[in-house]
Amino acid sequence: MRQNYRLDKIGLVNREKKLSFKFNGKKYFGYEGDTLASALIANGVHLVGRSFKYHRPRGFFGAGVDEPYAIVQLYRNGETEPNVRATEQELFEGLEAKSVNCWPSVNFDIGAINNFLNIFLPAGFYYKTFMWPRSFWYRIYEPFIRKAAGFGVASKEHDKERYEHKYEYCDLLIAGSGPSGLASAYAAAKNGARVILAEDKPRFGGSLLTSDVSINNQSGKEWADNIITELKGMTNVTVKNRAQIFGYYDHNMLVMSERVTDHLPKSEQFTPKQRLWYIRAKQVVISSGSIERPIVFGNNDTPGVVLASAAKEYMKVYGVLVGKKPIVFTNNDSAYETAIEFKKNNINPIVLDSRQDSNSEIIKEAKSLGIDIKFSHVVVAAKGYKKVKSCDIAEISEDKQNLNQIKNIECDCICVSGFWTPTIHLASQSGGKTKFKEEIDAFVPDKSKQKEVTLGSANGVFTLEETLKTSFDKGFELSKEITNNNNSQQIPKVSEKKHSKHDKFWCVPLPKGKKYKRFLDFQNDVAVSDIELAIREGYRSIEHVKRYTTLGMATDQGKTSNLNGLQLVSNIENKVVPAVGHTTFRPPYTPISIGAIVGREIGKHSKPTRKSPMHNWHEKNNAVFVDAGVWLRPRYYKRGNEGLFEASKREAENVRKNVGVCDVTTLGKIDIKGPDAAEFLNRVYTNAWLKLPVGKARYGVMLREDGIVMDDGTTTRISENHYHMTTTTAQAANVLSHLEYYLQLVWPELDVNVVSTTEQWAGAAIAGPKSRDLLQKLFPDTDVSNEGLPFMGFVEANLFGVNARIFRISFSGELAYEVNVESDNGNFMWEKIIEIGKDFDLQPYGTEALSTLRIEMGHVAGSELDGRTIPYDTGLDGLVSKKKDFIGKRSLLKKAYNEKDRQRLVGVVPLDKKTSIPEGSHLVKDPKGKLPNPKLGHISASCWSVEHNNPFSLAILKDGKNMIGSKLYAMSPLKNKTIAVEIVSSHYVDPKGERVRS
Amino acid sequence: MLYIKCPHCGLRSQNEFAYGGDASVKRPELNKEISDQEWDEFVYLRKSPRGKHLELWHHVSGCRQWIKVLRDTSTHEIFNTYKSEEKVG
């Protein structure tokens, strides 16, 4: 198919390389260097989508990031992506895209009936209509709105692409590579500063690519190309295209999204699709340019109505005509460049200028080229449904209130220019103030809050000469402050046309008897009448008007609509624009893909995985692993067809009968040293620590200041001033921070040091009646008898040439020991235990059996120490010293903590001795009681008691102390279970604790 | 993201630190008789000022020192940072 709207000799696309692509199933051709938008326009495709609310036909409005219309669903390498702006998506071979927000097709869209029913869809329609009846919300309204709203569909597949994050630091970060960005980057880089220059488009140069200027006798583009080439060759400069700085955060942290391979048919292996840069800059130069704003007139959303600057860009960059019978409708000089460009390409434009007259250089040039210019003329309304076919024009009175006789003229596009809006998003996000500049009818940055400066047209400066001068100066000045160098550059000679003043005119009045829709927000379908309605209904604050009408709330964030919206509100309210103020600019400046935000932290990479030194052995021996915090721990070791239940039962039974070994490396370990260590422990733990002898361990409980149990564990006195503390796996990090807090801030006079040694030691718990016999074989030179190594004893020993620590502590209620060796020897220790253990029927056991053993002996763990329980609740009140003070003690005097019916740990057994009780079940008196049924307690942990061969649970129960023997019901609405239970002691095994001491 | 100057390590990003609350709170001395109200104020009650706030930060992914930071809670400006034992003001 011929590209009917492609010009022959103009543009920067590579005509040697033809690319084929599909849009809505139909095949087209474009060139390398095209965007999807320019390639479609070249092929005469002007209808790309349907609007959000009224499903009106949508074409192209801009040529870049500000595009409100041309949003497509993109298909690339087997993946699909919604919300892609066709004006930014570069063409690649095989690209496929589809229109969104239309059904069954973009040409015939059933939703377009909304356009004729639009009386029913005024501002606030959703708020007014979908409020009642309440029950309709989930079933009817919400699904309806969901289906009707939004642009495109998110893929439900896992995204196979790779996204990366990068952290970077620099002296100067420069956002935008137009004249101000290039000049400041060049001046700063030549002065030795580390510079990052970011450009969101594929091509550098910004307005220099399309403006008719000369710099040092070169064209703007040539000058830009030379500067970029030189910057790229400098080691202190990073130059990035396709990179959008979208957020300005605290302390000069900016985030940039780099589209690394979005412009290619697919990403190479190990190459990310997108990369997110977190950049901390000493100084920021905001050279983000400006966006042309439209003039509002009737049916100004018809396809074929485009920004004049976009029309020029399509011609000069892509060699594409947006139309062959153009109208240029303007209130200022800049649109004349578009008209002249048309004329140079043998197209005859008609210019309608709202001003009464102007005789600037560029207008003289246009006149000399024979361009038809009608002053004091405006476009009243565009005509045509899917494409502009003609337009009604009229002469307008001097006060801009009255239209003379309306005339219809034929045209196929209307290039509109209502002057320029500085892109102040980043400057405003930084926290800086803005001010309204009367001369340009727009806001510009005022006082900076952070270390940033805004230059060029983003700062409301529209002449190249002044832009280059201030930018060279500023780049030099800022770099000098950082580098102390003094190499300044000569400011180049500029030749440009002087512009005359623009006309403060932005909205064409409605002719008598006509009700044309005049749109402000082209993506969210907000018209002048919607704003008028909102104000009639009493909305005053611009933030409220925005939310009620959705003005500026679409994915383009109102880049082309905000200022005209403000103009309208201020006109109606008879205020000046600065009195109305603007809505808050928030990041991101453009939509950012969720993939880029998440980066590599997905799936298994969302947190680190820690493995014990014995991990490979577990893996080889059929361990089934479970996540325990960041650790991977064996849950059970599978034999044959066993499931979790059978395997863990076998492992737990073997501990009670013979001996088992469990990898306890993950336990938190903290080394505590110093002359005041005993005194410190005495303040940290609830029980007494001053008299613990060397070579002995003690169980301890620590509280938070509010009296809640924080953690428990054993601490062993290794030598006079040296202790080894253990914590639960989950609380290890918090306990260390807690200890550091008290040592550094509360009691700095204590001479104590703490350090985490969790990863320095590998640990194996050996438990069961045969554990001592096994231990004797492992340590033949050490006396491990009940006298030599009594309960809670500690000894250093030699494990076949390896130094080991033996602690006689028990988590299972059996005779048990914990052996620690340095991590590198962990596997050696483990294999020795397994090898020698064979003679004693030793089996390894996992966390499930470990839990079973601790639950049935009534030993509390994380599920009871859940941040809501005090020592009494968990049966640990015996460990609370009455004599000494400690962290959190004063809180234990609280009235609520001393109520007679205070909750307490109990055991729970189902009456049928068969039904396992789901963890989290509530204990109630009457299972059929009226809702809300009073909850007496909850099941904290459940297991299958191997000692009694029936289910057993622990619970925290109100007045638990006096409830032993009572019958209650455990209810789990989640599992739909109600189980009759009996309350028993939490010590279901060996209540006197004889085994551990045997 | 804040840029915090650890007095031991230098300028580091906020994600190396954990917030520790009001630095002006003093724990009552051990073994001292104290009213319910005084204790409650120490455990639970904190001012949440708009403006200058002396607060604790813990350099958890760094030197593991608790430091004091004088920060404006509304603008996030950091005026100064101090070692734990340094007197402020």
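The area buried between chain A and chain B of this predicted model is about 2400 Å², where buried area is the accessible area (1.4 Å probe) that two parts lose on being put together, summed over both. Carbon and sulfur atoms give 51% of that area. H251(A), Q744(A) and R890(A) supply 27% of the area that chain A buries against chain B, more than any other three residues. In contact terms (heavy atoms within 4.5 Å), 29 residues of chain A meet 27 residues of chain B.

Residues are numbered from 1 along each chain as its sequence is written, and chains are lettered from A and ligands numbered from 1 in the order in which they are written. Because the model is predicted, local features need pLDDT of at least 70 and side-chain atom pairs count only at pLDDT 80 or more, while totals for chains, interfaces and linings use all residues; side-chain values use heavy atoms, with hydrogens and water left out.

Within chain A, helix α12 (residues 528-536) packs against helix α13 (residues 542-549) at an angle of about 120°, with the axes 10 Å apart. Helices (H or I, at least four residues) and strands (E, at least two) are DSSP runs, numbered from the N terminus. Axes are lines fitted to C-alpha atoms, for helices over the stretch in contact, and angles run from 0 to 180 degrees between N-to-C directions. α12(A) and α13(A) are therefore oblique to each other (angles under 35 degrees count as roughly parallel, over 145 as roughly antiparallel, 65 to 115 as roughly perpendicular and the rest as oblique). The contact involves D530(A), I531(A) and A534(A) from α12(A), and V545(A), Y548(A) and T549(A) from α13(A).

Two cis peptide bonds are described next. One joins P587(A) and P588(A), with omega about 0°; P588(A) lies in the loop between α15 (577-580) and α16 (594-598) of chain A. Another joins L931(A) and P932(A), with omega about -5°, and P932(A) is in the loop between β46 (922-924) and β47 (937-945) of chain A.

Most residues other than glycine have a negative phi. In N622(A), phi is positive, near 60°. N622(A) occupies the loop between α17 (615-620) and β32 (623-628) of chain A and is partly exposed, with a relative accessible area of 48% (buried means under 20%, exposed over 50%, partly exposed in between; 1.4 Å probe, protein chains only). In N949(A), phi is likewise positive, near 55°. N949(A) is placed in the loop between β47 and β48 (950-957) of chain A and is partly exposed at 44% relative accessibility.
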